[in-house]
Amino acid sequence: MRRRGSDFRRPVRRRIPNVFWLTLCGLVILLFIVLLSRESRQPTSRSVYTKRNLRHEKVMEGLNITDEMLRPDSVTRQLNDQISLAKAYLVIAKESNNLQFAWELSAQIRNSQILLSNAALSRTPLTITASETAVRDMALLLFQAQQLHYDSATMIMRLKAKIQTLEEEKNTIKEESSKLGQVAAEEVPKSLYCLGVRLTSEWFKNANLATKVKENRHTALKVKDNSLYHFCVFSDNILATSVVVNSTASNSKNPDKVVFHLVTDEVNYAAMRAWFALNSFGGVTVDVQKIEDFTWLNSSYVPVLKQLQDSDTQSYYFSGSGGDNRTPIKFRNPKYLSMLNHLRFYIPEVFPALKKVVFLDDDVVVQKDISPLFSLDLNGNVNGAVETCMETFHRYHKYLNYSHPLIREHFDPDACGWAFGMNVFDLVEWRRRNVTGIYHYWQEKNVDRTLWKLGTLPPGLLTFYGLTEPLNPSWHVLGLGYASVDQGLIDKGAVLHFNGNSKPWLKIRIEKYKSLWDKYVDYGLPLLQQCNVH
């Protein structure tokens, strides 16, 4: 077949590209969006403007201001600003004892306030002519205040100086209060002093008392019988010791099996013996000794007694002038060097025939039978005690100086502390481990008071580290001498401890806890009534 010539061919139809159509559609959509936005822009701006005006009006109404006060040349606003500044200067003037200038400021403030009040009542804005005198007079006083250095920078310096002075006064008062509180806690009440004197007189006057004590053969046998329950108390407080003995006897299921070993000093020895000879405590055996009879307690053996011979130690504890004057007074209390306080570290030597004892402080009250303590398994440990690292009580780092390498290397700072006051001591294990020797080591290391400062608990924590068996907290409830204790804990507690300054026999006691102690004191006894003990 022959092909047609070019003249006779069908013309080719040209197609418009797809890109063109897509571009065109996009332009149309964009134009539509622009038109819509133009239509909606004008009403929106109007609504925003309307909202802004409404908010503006609410602010003006809340601040009690007018349009006139917002004008750049507002006399009302100028007067209000002057009054605010003048009030600040008035306070400063009074603080500086410039009473004449303070009176002038006060009078001018009143004049300006009257002017503003009259303008508000007449509903007419203040004019420059009407307020010119008030503005000028106030401005003059404000300039005068600046000349008197009542500016903010000077006032800040004065306030800082005032704050520093008040801080120093507060610290002085706090320290004085601490001293007075410590004195009140250490002071023997007149009634207890009277009781001691009368009992001493009775002991030497009444020969039958001494004879009665000497002829009591049962006591001599019981004090060495390890089948009985042995308790020890080291104290010079007759009435407090009596409460410990009486409360233990009253709540014991077998009081005839209870033996109390009391150790006191020479001054109170006769009075203590007289009291326990004159009174019976439900069949409980009571043996009284004096610390002066322990001849082995001498400076060549006991580090504390050796330290007492040191002039620096004497100055620190007894004159209050040695060492760091910033040390709180409670750390300087000489009672912490008392051998009655440190005798707890020599219990195996005080009672060589005994195998197990329960140590009680003289500021405790026993309200349950505590004889089960003697059957507790201490798991090879020496000391059974209630741990005190819960709630407000502390761990080792609160008692010891961990900046000292000896403390840092040997003791865990987060180890749980425990309390003296009610402790079960296995004396067999104590002797085997030479615990008193450990105590001597740490006491000698602390001759310069760099390991710890206060009392017998810190050396106790070091001495019995790794040798203490935790007891159930209900055995020993602490804090009744300085804190508010949960009533539930008190009700469950076997031994309540009035540790702190507020002892129940002092006037600074916590009244709500006094009845817990009072129930074991017979205030009807003639000796107590004669000495006005109540």
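Let me start with strand β3: of everything lining the second largest pocket, β3 gives the largest share, four residues. Keep in mind that this is a predicted model.

So, that pocket. The space in the second largest pocket comes to about 540 Å³. Its lining has 20 residues, and the ones closest to the centre are V213, N216, T219, F276 and V286. Which elements supply at least two lining residues each? They are α8 (207–214), α9 (217–222), α11 and β3. By class, the lining splits into nine nonpolar, seven polar and four charged residues.

V286, in β3, is the bridge partner of F260.

Strands β2 and β3, the latter covering residues 285–290, are parallel and share six bridges. Between them comes helix α11, residues 266–278, and the three make a right-handed β-α-β unit.

Now the other neighbour of β2. Strand β1, residues 229–234, also pairs with β2 in the parallel sense, again over six bridges.

How many residues of β2 are buried? Seven of its seven, across residues 258–264. In a regular strand, side chains alternate between the two faces of the sheet. Here both faces are covered. On one side sit V258, F260, L262 and T264, and on the other V259, H261 and V263, all of them buried.

Next, the rings. The structure holds 26 aromatic pairs. I will show two. F231 belongs to β1 and F260 to β2, so the contact ties together parts that are 29 residues apart in sequence.

The centre-to-centre distance is 5.3 Å, but the planes are at 45°, and the pair is tilted. Both F276 and F281 are buried.

Rolling a probe the size of a water molecule over the atoms shows where empty space is left. Searching the whole structure gives two cavities of 30 Å³ or more.

Last, another sheet. Three strands, in the order β5-β10-β9, form an open sheet with mixed pairing. β5 (364–366) and β9 (476–477) are at the edges, each with a single partner strand, so one side of each has no neighbour in the sheet. β5 and β10, residues 495–497, run antiparallel and are joined by three bridges. The bridge partner of V365 in β10 is L496.

To recap: β2 pairs with β1 and with β3, and its two faces are covered. β3, in turn, supplies four residues to the second largest pocket. That's it from me.

Methods: Residues are numbered from 1 along each chain as its sequence is written. This is a predicted model: local features need pLDDT of at least 70, side-chain atom pairs count only at pLDDT 80 or more; totals for chains, interfaces and linings use all residues. Side-chain values use heavy atoms; hydrogens and water are left out. Buried means under 20% relative accessible area, exposed over 50%, partly exposed in between (1.4 Å probe, protein chains only). Two strands pair if DSSP finds at least two bridges between them. A crossover is right-handed if, with the strands pointing away from the viewer, the path from the first strand over the helix to the second runs clockwise. On a 1 Å grid over the protein atoms alone, a cavity is a set of points where a 1.4 Å probe fits but cannot get out, and a pocket is an open set with protein on both sides within 12 Å along at least five of seven lines; lining residues have an atom within 4 Å of a point. Grid points are joined across faces, edges and corners, and a volume is the space filled by probe spheres set on the points. Ala, Val, Leu, Ile, Met, Phe, Trp, Tyr, Cys and Pro count as nonpolar, Asp, Glu, Lys and Arg as charged, and the others, Gly among them, as polar. Rings of Phe, Tyr and Trp (its six-membered ring) pair if their centres lie within 6.5 Å; planes under 30 degrees apart count as stacked, over 60 as edge-to-face and the rest as tilted.
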